[in-house]
Amino acid sequence: MSALVLALTAGAVVGLALGALGGGGSVLAVPALIYPLGFTPAAATTASLLIVAVTSVSALYAHARAGHVRWRAGGLFAGAGIPPAAAAGAAAGRLPQPVLTGAFAAVAGLAALRMLRPGATGATGATGARGSGEVRPARAAGAGAALGALTGLLGVGGGFLVVPALVTVLAFEMRAATGTSLLVIAANSLASLATRGNTTAGLDWSVIAPFTGAAVLGAWDGKRLAARLSGPRLRQAFACVLLAVAAGMLLDVAVRR
């Protein structure tokens, strides 16, 4: 299969995940760029940040129109996460590639397990107290700072962690968590990219450009898919994807030793 077809296919899947689940784009993009497309882990994490930032902005527009973005919570998360994301992004290039891959897989697996725990969801009602988007500033800022550091270090937009945090820590209902996550992803990705400017020159743009285009289109399809599925089903689908990717990456690290 040609690199163009692989890039288009992987991009469509990444966009679908971002549009439907508000995350999971990077956790899918990084393995796709490393394994079938031949990027190094360092190049894959940088390319992933670019792809996910562009796709998240596009998907955010669609979710905002539907009223699924809690701007105050997203602003607190993003604002607190930007400095750690920038600092960790500068340090990421100094770590061994197997360490980055293993850490990425471990964090994804832990996030998935938390999402699958019984009761790991906010209220389903859009107007109920738990799903209303009320925010404790200190809690939101603390979670945002931690997630920003992971974004910079592992080259992920952070959505696969932001969504569980919004659902389990701030008690958002799933659709609000999905939309708000996209705002945080875009901000954190751009902050981390700013520290990696010298690494973008060597990227293969013949792969990244079609990958990004397919992801943007897939994100709009994902938004329509999310409207047809219940919050618990979206959460379970998200968690299962994370577990599968984490297991595959950990297995790869073990085999390469």
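Modeller: Helix α3 covers residues 41–65, which is 25 residues. From its first C-alpha to its last it reaches 36 Å, close to the 36 Å expected at 1.5 Å a residue. That expected span is 1.5 Å times one less than the number of residues. Helices here are DSSP runs of H or I with at least four residues, strands are runs of E with at least two, and both are numbered from the N terminus. After α3 comes G67, with a positive phi near 80°.

A word on the source. This is a predicted model, where local features need pLDDT of at least 70, side-chain atom pairs count only at pLDDT 80 or more, and totals for chains, interfaces and linings use all residues. Residues are numbered from 1 along each chain as its sequence is written, and side-chain values use heavy atoms, with hydrogens and water left out.

Now go inside α3. T45 sits in this helix. Is T45 buried or exposed? T45 is buried, because its relative accessible area is 7%, and buried means under 20%, exposed over 50%, and partly exposed in between, with a 1.4 Å probe and protein chains only. The T45 side chain reaches the backbone oxygen of A42 at 2.8 Å.

Next, Y61. The structure holds 1 aromatic pair. Its members are Y61 and W220, 6.2 Å centre to centre, with 50° between the planes, and it is tilted. Rings of Phe, Tyr and Trp (its six-membered ring) pair if their centres lie within 6.5 Å; planes under 30 degrees apart count as stacked, over 60 as edge-to-face, and the rest as tilted. This pair links distant parts of the chain: Y61 is in α3, W220 is in helix α9 (residues 205–226), and they are 159 residues apart. Y61 is partly exposed at 48% relative accessible area. W220 is partly exposed too, at 31%.

Step back to the whole protein. There are 10 helices and 0 strands. Of the 257 residues, 53% count as buried. Contacts, meaning heavy atoms within 4.5 Å, also reach along the chain. Among those with a separation of 6 or more, 85% join residues 24 or more positions apart. The accessible surface is about 10,400 Å², and 66% of it belongs to carbon and sulfur atoms. Such areas come from the Shrake-Rupley method with a 1.4 Å probe; for residues, only the protein chains shown count as cover.

Note on methods: Polar contact = N/O pair within 3.5 Å; in protein donor to acceptor, adjacent residues only side chain to side chain.
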